[in-house]
Amino acid sequence: FVVRHAERADAAAGTAPMMATDPDLSDIGKARAESLAAALKDAGITAIYTTEYKRTKQTGEPLAKALGIQVTPVPAKEMPALLEKLKAATGNALVIGHSNTVGEVIAGLGVAEPVKLTDKDYDNLFVVVRGEKPTLVRLHFR
């Protein structure tokens, strides 16, 4: 499962977020993180990977708490290490990235269909179905 982090606290309606900061989630973002936890609580998640940024960790924390597992941060610039962890995983994993890394993770898992997100896309839930020819299912959650 691959998602973008939930809404940032510094992204007021209609404005572009300030990329130089490491903001917390907004109240809307916190609600979306809880919604994600509810949606995936029975999905057999055994690992949650985030980047080193607060917004990705905070997006995964409600699910981690519900499942009794830890969020595992992997620096955003260490994509090959993350992909190796995912390919070696025996259970289902959740990856929480950014608008510019979600597509890269999905492509790295062998999905040919390109995925592009804008700075306003927060409700996508991508399911990569592994196999000889990986496929992609795109869902939305609120």
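Two strands count as paired if DSSP finds at least two bridges between them. Strands here are DSSP runs of E with at least two residues, helices are runs of H or I with at least four, and both are numbered from the N terminus.

A word on the model. It is predicted, so local features need pLDDT of at least 70 and side-chain atom pairs count only at pLDDT 80 or more, while totals for chains, interfaces and linings use all residues. Residues are numbered from 1 along each chain as its sequence is written, and side-chain values use heavy atoms, with hydrogens and water left out.

I start with the sheet. It is open, has 6 strands in the order E3-E2-E4-E1-E5-E6, and its pairing is mixed. E3 and strand E6 (135-140) are the edge strands, each pairing on one side only.

Take strand E2, residues 45-50. Of its 6 residues, 5 are buried; buried means under 20% relative accessible area, exposed means over 50%, and partly exposed is in between, with a 1.4 Å probe and protein chains only. E2 runs parallel to strand E4 (residues 92-97), joined by 5 bridges. Ile-45 has Asn-92 as its bridge partner in E4. E2 also pairs with strand E3 (residues 71-73), again in the parallel sense, over 3 bridges. There, Thr-50 has Pro-73 as its bridge partner.

Elsewhere in the sheet, E5 and E6 are antiparallel, with 6 bridges. Asn-124 is partnered with His-140 in E6.

Next, the salt bridges. A salt bridge is a side-chain nitrogen of Lys or Arg within 4 Å of a carboxyl oxygen of Asp or Glu. The whole structure has 6 of them.

In one, Arg-32 meets Glu-7, with the closest N and O atoms 2.8 Å apart. Arg-32 sits in helix H1 (residues 27-40) and Glu-7 in the loop between strand E1 (2-4) and H1, 25 residues apart. Arg-32 is buried at 11% relative accessible area, and Glu-7 is buried at 13%.

Another joins Asp-123 and Arg-142, at 3.1 Å between the closest N and O atoms. Asp-123 is in the loop between helix H4 (102-108) and E5, and Arg-142 is in the segment after E6, so this pair ties together parts 19 residues apart in sequence. Asp-123 is buried, at 13% relative accessible area, whereas Arg-142 is exposed, at 69%.

Lys-41 and Asp-42 also form a salt bridge, 3.2 Å from N to O. Lys-41 is partly exposed, at 46% relative accessibility, and Asp-42 is exposed, at 67%.
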